[in-house]
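Let's take a walk through a protein structure together.

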Amino acid sequence: MFASFKDKIGEAVLPGDVFTLELPSPENKAKAEKLICGPGLRRDGDNVSVCKCGVLRHKPPNVFWIDSQQKRYVPVKGEAVIGIVTAKSGDIFKVDVGGSELASLSYLAFEGATKRNRPNVQVGDLVFGQFLIANKDMEPELVCIDSCGRANGMGVFGEGGLLFRVSLGLVRRLLVPQSELLAELSALFPCELVVGLNGRVWVKAASTQHTLILANLLQSAENMTAKQRQQLFRKVADGAL
Amino acid sequence: MKDTPLSNCERQFLLKTIEERKRLDGRETYDYRNIKITFGVDYGFCMVDLGKTKVMSQVSCELATPKETRPSEGMLFTTVELSPMASPAFEANKQSELLVKLNRQLERCLRTSKCFDMESLCIVSGEKVWRINVDVHVLNHDGNLMDAVSIVAITSLSHFRRPEVSIQGQEFTVHTAEERDPIPLSIYHMPISVSFAFFQQGSYLLVDPNDSEEKVMEGLLVIAMNKHREICFIQSSGGIMLLKKQVTRCSDIASVKVLEITELIQKALEKDRKARKDDDKFSFAESLPKEQITAQKLKEAPLEKMDIQETASEIINKANISPSTQGEHSPVLHAGGVGQVGEGITSSWGLEEDIEEEGEMEEKTTVKKTKRKGDVIVISDSEEEDIVVLN
């Protein structure tokens with residue numbers, strides 16, 4: 001059924017490319033499989049059409065998506081992002097997450113927060129949270145707790161550190177389990193790293209110089225091959241240690 | 001749409017790095033970002049990249065009636081436009097404070113400083129003069145727009161050529177470029193502005209602030225100067241108190257920077273002139289790097305199927321020749337008409353040096369003191385850690 005997909009895995013696809021599904025005949029409906037379309041793929045009747053340019057990826061058994069490079073962030077439900085608090089109004093905070101609209105964040109959506117015990121959040125602070133509501137017709141809503149009411153790493157950022165922007169593709173590369181880039185980076189200097197799926201990265205190392213180096217390395221690692229990157233990292237390690 | 005706000009974390013970090021005499025992009029206190037000047041096919045078109053800041057300018061001319069107060073002088077009009085493409089903070093067709101400031105400063109920079117001969121633009125006194133329009137568009141905003149705008153405006157003015165006019169009695173004819181070569185404006189001097197950002201009540205200063213540095217700065221001092229060290233305008237904003245010593249120091253720095261930039265502009269103009277004269281390749285499209293996947297291509301050889309047997313041994317012998325020697329090379333040409341500094345130079349912001357320096361600091365300071373005796377202020381020397389405290 002996924003034959004047309006299977007040939008193209010790992011190859012570049014462009015918007016407008018169409019995959020046809022060879023649907024099984026109605027008699028043996030029991031054998032029909034489910035297909036899960038990830039970002040960049042859209043169902044179009046009996047076909048699946050591509051709506052982003054990038055590389056077609058596959059995760060067995062039936063998940064397909066397109067790995068694309070872009071800078072603009074579109075909120076997606078459940079994604080963890082770094083936001084900047086821009087306003088405090090009544091019982092909600094307005095948070096800039098880099099999307100087309102500001103997200104709202106209730107003051108009760110923090111661990112241990114009650115009506116009496118308000119979290120200490122100032123305008124301009126950074127928060128790490130996940131989307132509870134994110135669709136194109138509604139204002140996105142952030143929360144800093146998981147479904148059990150635990151912070152689970154989310155909440156307001158502490159003092160210090162540097163926030164900078166990278167492309168969404170690099171962020172996803174950083175967040176891949178056993179990411180090479182992350183492993184190489186953490187071998188350089190001990191550091192705290194928070195990666196938001198909206199392309200914002202917060203880094204804090206022992207000194208400002210180390211923080212600066214890490215930030216610049218991450219930003220320049222975007223368009224490097226693994227070999228070039230390792231060479232650069234080795235150079236930094238030799239020079240700095 | 002609103003611009004991304006600056007978080008407290010970024011602000012604190014920036015101020016801390018400035019205190020430690022470092023910058024986010026690895027520059028030294030007095031360093032400019034890379035400047036790249038590109039010209040277009042038409043005369044009077046110029047594009048300037050100052051790091052990520054990008055501005056474009058087109059100079060045009062038209063016939064107009066002069067002002068009654070100055071009947072024998074041409075006119076100069078400058079307009080700066082901030083398109084929403086440059087930054088989400090800019091709105092189309094909206095007069096913002098920044099836009100008014102840029103327009104006013106550019107006008108002061110060019111018109112009030114009398115940087116070119118206005119009287120040569122007169123055709124018939126009191127009736128017809130040339131009106132020169134300078135249209136500057138900001139394509140990308142990453143701080144220090146004023147410097148980029150002043151560079152692009154004066155460069156496109158120097159690049160511009162107007163049609164020649166001949167006068168017989170009361171009649172005059174405007175010749176097209178085919179009939180007679182268009183003539184350049186007579187530029188007296190090139191006013192170039194240099195911006196200084198001040199932090200912590202003026203205790204720290206930075207040259208050529210970028211967008212994030214502009215967001216945290218407390219005061220801004222803009223000095224426009226030509227290479228003869230004549231100040232064309234000076235503007236201090238942000239309500240910061242500056243000492244006389246600070247201003248004179250800034251003007252010293254500005255004079256060095258202006259000299260460097262003027263040299264760069266002249267180099268770029270010269271290169272473009274030469275490329276045009278030699279019918280070489282010029283213009284903007286040529287200056288873009290060609291990203292080719294294939295550097296070599298092979299010509300298709302017609303396949304001959306006759307007497308395969310005989311030639312087989314020959315082919316085997318020939319096969320030792322590596323295919324690369326047969327490939328036809330198409331090297332990437334470096335374009336004319338592009339003057340730029342710093343492209344391809346690796347940033348020397350000292351991943352290694354800075355940390356090493358910490359240990360050797362004491363030795364170095366003694367060396368520096370002896371070096372300084374030469375009394376020549378080399379401001380752009382990024383090797384030295386200049387002392388920036390001004391008061």
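A residue counts as buried when its relative accessible area is under 20%. Keep that cut-off in mind as we explore this model, which is a predicted one.

Start in chain A with V50(A), which sits in strand β5, a stretch covering residues 47-50. Is V50(A) buried or exposed? Its relative accessibility is 4%, so V50(A) is buried. Which residues beyond its sequence neighbours does V50(A) touch? Leaving aside those within four places in sequence, its contacts are V13(A), L14(A), P15(A), G16(A), D17(A), F19(A), G40(A), L41(A) and I66(A). Take G16(A) from that list: 34 residues separate G16(A) from V50(A) along the sequence, yet their C-alpha atoms are 5.5 Å apart in space.

Staying in chain A, move along to residues 161-209, where an unreviewed UniProt entry places the feature "domain: K Homology". Over this stretch, the chain is 39% helix and 31% strand, and its end C-alpha atoms lie 11 Å apart.

Now hop over to chain B and find two helices, α2 (residues 97-112) and α3 (residues 145-159). Their axes come within 10 Å and cross at roughly 40 degrees, which means that α2(B) is oblique to α3(B). The crossing of α2(B) and α3(B) is right-handed. On the α2(B) side, the contact is made by L98(B), L102(B), Q105(B), L106(B), C109(B) and L110(B). From α3(B) come L145(B), M146(B), V149(B), S150(B), A153(B), I154(B) and L157(B). Sorted by class, the contact of α2(B) with α3(B) has 11 nonpolar residues, 2 polar ones and no charged ones.

Definitions and conventions. Residues numbered from 1 in each chain as written. Chains lettered and ligands numbered in written order. Predicted model: local features only at pLDDT ≥ 70, side-chain atom pairs only at ≥ 80, totals over all residues. Heavy atoms only, no water. Axes fitted to C-alpha atoms, helices over the stretch in contact; angles between N-to-C directions. Helix = DSSP H or I, 4+ residues; strand = E, 2+ residues; numbered from the N terminus. Parallel < 35°, antiparallel > 145°, perpendicular 65-115°, else oblique. Left-handed = near helix turned anticlockwise from the far one by under 90°. Contact = heavy atoms within 4.5 Å. Nonpolar A, V, L, I, M, F, W, Y, C, P; charged D, E, K, R; others polar. UniProt positions renumbered as here; feature names shortened; annotations may be inferred. Buried < 20%, exposed > 50% of the residue type's maximum accessible area, 1.4 Å probe, protein only.
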